[in-house]
Amino acid sequence: MNICIVSTDYPAPSHPKYVFVEQLVNEMVNQGVDISVIAPQSITRHLLKGDPLLAVDSEKKIGNRSYHIYRPKYLTLGNAPRWIQNILEWLRYKVILRVITKHNLKPDAIYGHFWQNAFDIRKYCYKNGTPLFVACGEGDTALEDLVNSLSFAEKKRLSNAVTGVISVSSLNKRKCIEYGLSKAEDIVVLPNSVSSSLFSDINPLNRNSLGVFDDDFFNCFYRWFYPS
């Protein structure tokens, strides 16, 4: 099985974003799946916000297996008018398509981590009959914006192209159905969880062994840190 994963971002050293996607990919690779990751990177964020430009083609090893991460450059303009966003979405699709074509990926299935990424690559799946899967997570904050930009016919076509949806909650499942993006029978609810091999409960009384004492003040972040 050869799966292409399209993600908004992907982590690298000194760039700890979308680590949850990397953990999913690593586990799938461990299970013997051939994976290619496409995570387009914004030139605009590099120029205006100082985000690092990462390698366009890199490789990561997991045990005796490896997979490629492709980060083609593209342009973003934030909250631009809808007609400009349509042009930018077309350009994003083209850079993703160029990676698939250039590297002859020929995926058996495409997985979009969050709806926008599935939407971006939908035309490839329409044309080639490639199964399209999508994750609808608690971070899918642009779902309403996506739905509001689509006509009924476009939503219907997208729904027909999506083979399955992985939702982290029943609420997200209901949203996907109500918005006309997918059918109930095509959605599975898989709540977020953790690997007990990496994380385990500890006795609070033993936290001193970690260098944390009763009068210490500390912050804990369950996702990446947003500096103010």
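Asn-104 sits in the loop between helix 3 and strand 7 (109-113), with helices (H or I, at least four residues) and strands (E, at least two) being DSSP runs numbered from the N terminus. This is a predicted model, where local features need pLDDT of at least 70, side-chain atom pairs count only at pLDDT 80 or more, and totals for chains, interfaces and linings use all residues. Residues are numbered from 1 along each chain as its sequence is written, and side-chain values use heavy atoms, with hydrogens and water left out.

- Asn-104 follows helix 3 and has a positive phi, near 50°, and Asn-104 is a residue other than glycine.
- How does Asn-104 count at 49% relative accessibility: buried, partly exposed or exposed? Asn-104 counts as partly exposed, given that buried means under 20% relative accessible area, exposed means over 50%, and partly exposed lies in between (1.4 Å probe, protein chains only).
- Lys-106 has its place in that loop between helix 3 and strand 7 too.
- Phi of Lys-106 is also positive, near 45°, again in a residue other than glycine.
- With a relative accessible area of 59%, Lys-106 is exposed.

**Helix 3 itself**

- Helix 3 covers residues 82-102, and its 21 residues should span 30 Å at 1.5 Å a residue; the end C-alpha atoms are 30 Å apart, so the two agree. The expected span here is 1.5 Å times one less than the number of residues in the helix.
- The buried residues of helix 3 are Gln-85, Leu-88, Glu-89, Arg-92, Tyr-93, Val-95, Ile-96, Leu-97, Val-99 and Ile-100.
- For reading that list, an α-helix has 3.6 residues a turn, so residues three or four places apart point the same way.
- Arg-92 belongs to helix 3 and counts as buried at 7% relative accessibility.
- What does Arg-92 touch, not counting residues up to four places away in sequence? Its partners are Val-6, Ser-7, Thr-8, Pro-40, Tyr-74, Asn-117 and Asp-120, where contact means heavy atoms within 4.5 Å.
- Lys-102 is in helix 3 as well, but Lys-102 is exposed, with a relative accessible area of 66%.
- From Lys-102 to Leu-171 is 69 residues in sequence and 39 Å in space, C-alpha to C-alpha.

**Two buried loop residues**

- Pro-72 is found in the loop between strand 5 (65-70) and strand 6 (73-74), and Pro-72 is buried at a relative accessible area of 9%.
- Leaving out residues up to four places away in sequence, Pro-72 touches Ile-38, Ala-39, Pro-40, Gln-41, Val-56, Val-95 and Val-99. Two of those names, Val-95 and Val-99, also turn up among the buried residues of helix 3.
- Pro-40 is a partner of Pro-72 and is touched by Arg-92 too.
- Thr-130 lies in the loop between helix 5 (122-128) and strand 8 (132-136), and Thr-130 is buried, with a relative accessible area of 8%.
- Beyond residues up to four places away in sequence, Thr-130 touches Pro-107, Asp-108, Ala-109, Ile-110, Tyr-124 and Cys-125.

**Val-165 in strand 9**

- Strand 9 (residues 162-167) holds Val-165, which is buried with a relative accessible area of 2%.
- Which residues is Val-165 in contact with, leaving aside neighbours within four places in sequence? They are Trp-115, Val-134, Cys-136, Cys-176, Ser-182, Asp-186, Ile-187 and Val-188.
- Val-165 and Gly-112 are 53 residues apart along the chain, and their C-alpha atoms are separated by 9.6 Å.

**The chain as a whole**

- The chain has eight helices and 10 strands.
- Its radius of gyration is 19 Å, close to the 17 Å from the globule rule for 228 residues, so the chain is as compact as a globular protein of that length. The radius is taken over C-alpha atoms, and the rule is 2.2 Å times the number of residues to the power 0.38.
- Along its principal axes, the C-alpha trace spans about 60 × 40 × 40 Å.
- Buried residues account for 41% of the 228 residues.
- Of the contacts between residues at least 6 apart in sequence, 59% join residues at least 24 apart.
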